[in-house]
Amino acid sequence: MKRFVILGGGYGGLTVAHALLEGELPDDTIVVLIDRMPFQGLKTEYYSLVAGTAADIDLRVAFPSDPRLIVTYGEVTDIDLDAKHIQLAGQDPLEYEWLVVALGCTDKYHGIDGAELYSNSIQTFSASRKTYLALNDVKPYGQVTIVGGGLSGVEVASELREGRPDLNIRIIDRGPSILSAFPGKLQEYVSSWFIEHEVEMRGHVSLHKLEEGCLYDLNNPSPILSDVTVWTAGIQPVALVQRMNLPKDAQGRLIINENHQLPDYNDVFIVGDCASLPFSPSAQAAEGQGKQVAEVMQAIWSGKTPKLGKIKLKGVLGSLGKKAGFGLMGRTPLMGRVPRVLKSGVLWMSKHHFG
């Protein structure tokens with residue numbers, strides 16, 4: 001049997017699997033999905049896991065059950081593109097006919113001394129569980145610092161405020177304000193929410209070092225004291241992709257062609273945070289790619305030339321606790337209850353495989 005192997009059961013990889021299984025597979029081909037976990041973790045909701053406002057079982061989605069699908073668990077340690085096989089830790093090499101690399105991302109620490117050692121991550125399900133323990137073991141009136149004022153940082157800070165009203169919470173960023181990539185109206189709305197809910201915002205912070213309980217700013221001689229620090233200040237492709245000696249963009253993401261393939265290896269597709277795309281990494285983008293990868297394969301199996309349209313993103317939604325939110329649909333900003341309800345609806349759809 002020919003193996004169509006998918007590395008990573010996140011938004012992109014799982015979308016490829018579902019889309020392939022919804023169509024017609026050649027009789028001599030089987031889909032193999034490889035992941036570290038026995039379920040998909042809804043990564044866009046990890047902020048609620050670390051804040052303790054959602055149980056981890058609520059953020060799990062079962063992998064599909066289909067006789068044409070083999071689900072394998074393990075840690076991918078290497079890919080040999082020329083020999084067409086992958087290596088899993090402690091297992092024999094696995095050969096493939098086609099391969100999808102959808103392994104996601106890891107934190108980017110920007111060369112800041114001690115950042116990885118003395119901060120907590122939300123990039124994996126396992127790391128989020130550890131961060132939950134660290135945050136919820138902080139004593140009342142303790143200090144929590146979230147590094148990074150983008151969407152993830154804002155959602156962690158607001159959800160933690162709702163889950164632990166006794167804590168002192170601050171969010172810091174090297175820019176002048178939170179959500180710098182969003183319109184000023186949304187920045188002002190979220191800033192007002194933080195002020196109302198006593199979340200400290202500190203801009204123009206240029207971190208150069210982290211130690212146990214302390215962060216150091218180049219612009220201020222006094223250390224920033226913190227019982228627990230959560231890192232949401234940037235991402236990069238996983239280490240395996242970082243090691244690949246292939247053309248990449250400035251963010252270290254692999255250059256792909258119009259069909260999401262490696263230019264020199266058309267049997268390999270790159271999906272999600274590992275792929276160089278004309279927009280920021282997101283679950284939406286990964287799912288859009290996943291659907292198109294399945295379209296490409298259906299065309300190839302039918303002896304046709306793939307013809308793909310542009311991936312259209314519907315917008316961005318963020319939460320401020322369970323009752324308020326914000327969003328951007330095209331150029332239209334959304335604020336208040338409506339975007340929070342919409343985000344809950346998107347979560348429901350994700351859990352039931354509706355994209």
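Asp-273 sits in the loop between strand S20 (265–270) and helix H8 (283–301); here helices (H or I, at least four residues) and strands (E, at least two) are DSSP runs, numbered from the N terminus. This is a predicted model, in which local features need pLDDT of at least 70 and side-chain atom pairs count only at pLDDT 80 or more, while totals for chains, interfaces and linings use all residues. Residues are numbered from 1 along each chain as its sequence is written, and side-chain values use heavy atoms, with hydrogens and water left out.

With a relative accessibility of 16%, Asp-273 counts as buried (buried means under 20% relative accessible area, exposed over 50%, partly exposed in between, with a 1.4 Å probe and protein chains only). Beyond its neighbours within four places in sequence, Asp-273 is in contact with Lys-43, Gly-104, Cys-105, Pro-237, Arg-253, Pro-281 and Ser-282, where contact means heavy atoms within 4.5 Å. Ala-102 is 171 residues away from Asp-273 in sequence, yet their C-alpha atoms are 7.5 Å apart.

Let us step back to the annotation. An unreviewed UniProt entry lists residues 3–290 as "domain: FAD/NAD(P)-binding"; the positions are given in the numbering used here, the feature name is shortened, and such annotations may be inferred rather than shown by experiment. Over residues 3–290 the chain is 25% helix and 29% strand, with the end C-alpha atoms 17 Å apart.

Now for the aromatic rings. A pair of aromatic rings is described by the distance of the centres and the angle of the planes. Rings of Phe, Tyr and Trp (its six-membered ring) pair if their centres lie within 6.5 Å, and planes under 30 degrees apart count as stacked, over 60 as edge-to-face and the rest as tilted. By this rule there are eight aromatic pairs. In one of them, Phe-4 and Trp-301 have ring centres 6.3 Å apart and planes at 65°, so the pair is edge-to-face. Phe-4 belongs to strand S1 (residues 2–7) and Trp-301 to helix H8, so this pair ties together parts that are 297 residues apart in sequence. Phe-4 is buried at 0% relative accessible area, whereas Trp-301, at 21%, is partly exposed. Trp-193 and Phe-194 also make an edge-to-face pair, because their centres are 5.8 Å apart and their planes at 70°. Phe-4, Trp-98 and Trp-301 form one aromatic cluster.

Helix H1 (residues 11–22) comes next. Its twelve residues reach 16 Å from first C-alpha to last, close to the 16 Å expected at 1.5 Å a residue; the expected span is 1.5 Å times one less than the number of residues. Eleven of the twelve residues of H1 are buried, so the helix is largely enclosed by the rest of the structure.

Another loop, between strand S12 (168–172) and helix H6 (184–196), holds Asp-173. Asp-173 is buried yet has no salt bridge, and the nearest side chain of opposite charge, Arg-174, is 5.7 Å away. A salt bridge is a side-chain nitrogen of Lys or Arg within 4 Å of a carboxyl oxygen of Asp or Glu; Lys and Arg count as positive and Asp and Glu as negative, while His and the chain ends are not counted. Leu-179 is also in the loop between S12 and H6, and has a positive phi of about 50° although it is not a glycine.
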